[in-house]
Amino acid sequence: MRYVDEYRDATLGRGLARAIAAAVRPGTRYNLMEFCGGHTHAIARHGLEDLLPEGVRLIHGPGCPVCVLPVGRLDMAISLVRDHGVILCTYGDMMRVPGSEGVTLLKVKAEGGDVRMVYSTLDAVTIAQDNRDRPVVFFAIGFETTTPPTALAVSRAASLRLGNFSVFCNHVLTPAAIQSLLDSPAVRDLEGGSIPLDGFIGPAHVSTVIGARPYEYFAEEYRKPVVIAGFEPLDVLQAVLMLVRQINDDRSVVEVQYARAVTRTGNEKAQAVVAGMFELRKAFDWRGLGPVPYSALRFNARHAAWDAERRFALADRPGRDSRGCDCGAILRGVKEPRDCRLFGTACTPDTPKGACMVSSEGACAAYWIHGRFRDARLGEDRRCANHSPTP
Amino acid sequence: MRQPFPHPLNLDTGLVEMSHGAGGRAMAQLINQVFVAAFDNPLLGQGNDQARLPMPAGRLVVTTDGYVITPRVFPGGDIGSLAVHGTVNDVAMAGAVPLYLTAGFVLEEGLPLADLVAIVRSMARAAREAGVSVVTGDTKVVERGGCDGLFITTTGVGVITDDRLDLSGDKARPGDLILVSGTLGDHGVAVMSQRETLTFETPILSDSAALHDLVADMVEAVPEIRAMRDPTRGGLAATLNELAQQSGVGMAIREADIPLKPAVRGACELLGLDPLTVANEGKLLAICPPERAEALLEAMRAHPLGHEAAVIGRVVQDPDCFVQMETRLGGRRIVDWLAGEQLPRIC
């Protein structure tokens, strides 16, 4: 398969693994956070941790859109269906995330609520076209990658004069979340931070939209190297190597490994579309990070008619996380999935208690689905001989 | 002789009506003109409420399966052929020769008779090709909205004639090798692409097929096969996990050895699916002692339905019963059961 196989080549992958092993300095720890859930998923799916030397530790960041949406926002979406009788169009993963009292959209659907799973924003517009006598709301979540498609759906709905269509907007911004992490007491060196953080594997798809420039501030002000990497396994390995070299050389700059798609300025057309339709919220609640200033978008005054929050006068809800769930700490990188006492017992992908166990980009789901054999064999050789598939 | 039904059903423009399931003349006419006409065999033709069958020598095998797939017609098959293949395969996985099928139909009021006839004929053709007879059946009609067009349930009866065969999911032992009969994920991707109206340069067809003939060659060559299963819903991942749990062992497979069509890999990348969890309807997985694996692979590859067969890994000792995979890059990961729902109504 062209444009995929090249980035999964085993020989090149082993070569990169050897180069990383040769580059790491004995006794030095390299604590690298992959911000994006896409990277978390790639690392787990391709077993990349097996290819990295002891000194390199990957910390899973909060870049999973399903995971960071706080329970209160999900409760608001549920209320749109239950109290306002809308047809709610949502991406599939969102349907299994438990809201307060453990209610999921899947359950709301089983009760008779009209919840539809869509693959794209335009599917939602089509549903609005087919149901002109009923309110249709698109449950918009995600980082900068998914915002332009939401904007395009609204433009399309406008040109079709779909007065029954609106958007429950939960789009969030990556740089604000990175800044919040870096400013958190858990990370700040001065306050004896508990998460050592030596560099970032920067977002792939998000950066195609916003470009490499927004990360320059973190590299300069916080002295953290950033390497923007693609979502294929060789991309991740190469980014690790580039970060190790920056750390060795005591450099902290933004480098673009994903040069086939990311420029310094990004997709200016998409940025303009978004800027014309949305404005910054003063603050937005993130699961794990709490309220983060200027970290999310809402419709501007000119497009207020498309805003489901205003149209249905939705009140903010506090929401309550499942008791015992450590999603918040896991999203901050303070805890690992196996540190949560619900992990693998009360909380599995079939019975998720927290959002990180739902999306395949969530750290808990990635660990449980692909990596839990590592926990079962703690203390044993990671490459147990008896598990070689070749006789 | 007077015609029992003076006005033949209009099979071109007619619709299924509630009376077609009410037990009266209309139902008798539907059975006669649609089902008996297509399945055409003396046992069904007797018109009894049951089929009386001679007891074959050997061990009897019975299985049952319901079919609710949407869309009813998909690239490479339809709900009718699938209702034969799926059940024939479940019989065959015991190493048995499939002999008879029963068929229960739940029809939705308003279903075009032409659609019903096309599906029943497809089913009859699949049964004929598989050498099985549909010997008895049942028809029910529900109000519009009560089901989606039609649902079919088939029960299969077969016989194991070779006393040496003892295939069962709890028989996998550490050291055994794991084989698959060909490329994986074709059915699921074909159905998915139809539903999402995705088009590919080379259309992906469902692999829906009856596997009993391939199985007959396999058990003749290697009667020591420990277990066989067709990886339908949940794909290879589910089947390996089921067998691992049943036998109390682990499985270790290699990503590079798993046969996948490039178009299926591509579609899975695009749709965010793991091809190992995508359904198949004409593939099987076999576990056999290592010293017999070569003979088995040879027998499989000699059959048209197994010419892309491959050894994909081996059974290992593992109290946690994990299915592990060595990735192309040399890392390792678990191949887990599918969580939640990937694709509803895939078969």
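**Entry 1. Helix α15 of chain A**

I listed the buried residues of α15(A) and got A:Ala363, A:Cys364, A:Ala365, A:Ala366, A:Tyr367, A:Trp368, A:Ile369, A:His370 and A:Gly371. The model I am reading is a predicted one. I used the cut-off of 20 or more other C-beta atoms within 10 Å for a buried residue.

**Entry 2. Helix α2 of chain A**

I then looked up α2 of chain A, residues 37-45, and found this helix mostly covered, with 9 of its 9 residues buried. Among them are A:His39, A:His41 and A:Arg45. The list also includes A:Gly37, A:Gly38, A:Thr40 and A:Ile43. I checked what comes after the helix: A:Gly47 follows α2(A) and has a positive phi, near 65°.

**Entry 3. Confidence in chain A**

I looked up the pLDDT of chain A, which averages 90. In this chain 94% of the residues score at least 70. I noted one stretch, residues 377-386 of chain A, where pLDDT stays under 50. For that stretch I found 5 contacts beyond four places in sequence in the model.

**Entry 4. Chain B against chain A**

I counted the contacts between the chains: 29 residues of chain B touch 31 residues of chain A. On the chain B side, at least two residues each come from β9 (250-254), α8 (262-271), β11 (310-316), β12 (323-326) and β13 (332-334). The largest share is that of α8(B), with 4 residues. Sorting this side of chain B by class, I got 11 charged, 10 nonpolar and 8 polar residues.

**Entry 5. Domains of chain B**

I took the domain assignment of chain B, which gives domain 1 as 18-160 and domain 2 as 177-334. Over C-alpha atoms, the centres of domain 1 and domain 2 of chain B are 28 Å apart. I found 21 residues of domain 1 of chain B in contact with 23 residues of domain 2 of chain B.

On the domain 1 side, α3 (79-92), β4 (97-108) and α4 (113-130) of chain B are the elements that give two or more residues. I looked up which of these elements gives the largest share, and α3(B) does, with 8 residues. By class, the domain 1 side that touches domain 2 of chain B has 13 nonpolar, 7 polar and 1 charged residues.

Technical notes
Residues are numbered from 1 along each chain as its sequence is written. Chains are lettered from A and ligands numbered from 1 in the order in which they are written. This is a predicted model: local features need pLDDT of at least 70, side-chain atom pairs count only at pLDDT 80 or more; totals for chains, interfaces and linings use all residues. A residue is buried if 20 or more other C-beta atoms lie within 10 Å of its own, exposed if 12 or fewer, and partly exposed in between; C-beta atoms are placed from the backbone. Two residues are in contact if their C-beta atoms, placed from the backbone, lie within 7 Å. Ala, Val, Leu, Ile, Met, Phe, Trp, Tyr, Cys and Pro count as nonpolar, Asp, Glu, Lys and Arg as charged, and the others, Gly among them, as polar. Domain bounds come from an automatic or database domain assignment. pLDDT is the predictor's confidence in each residue, from 0 to 100.
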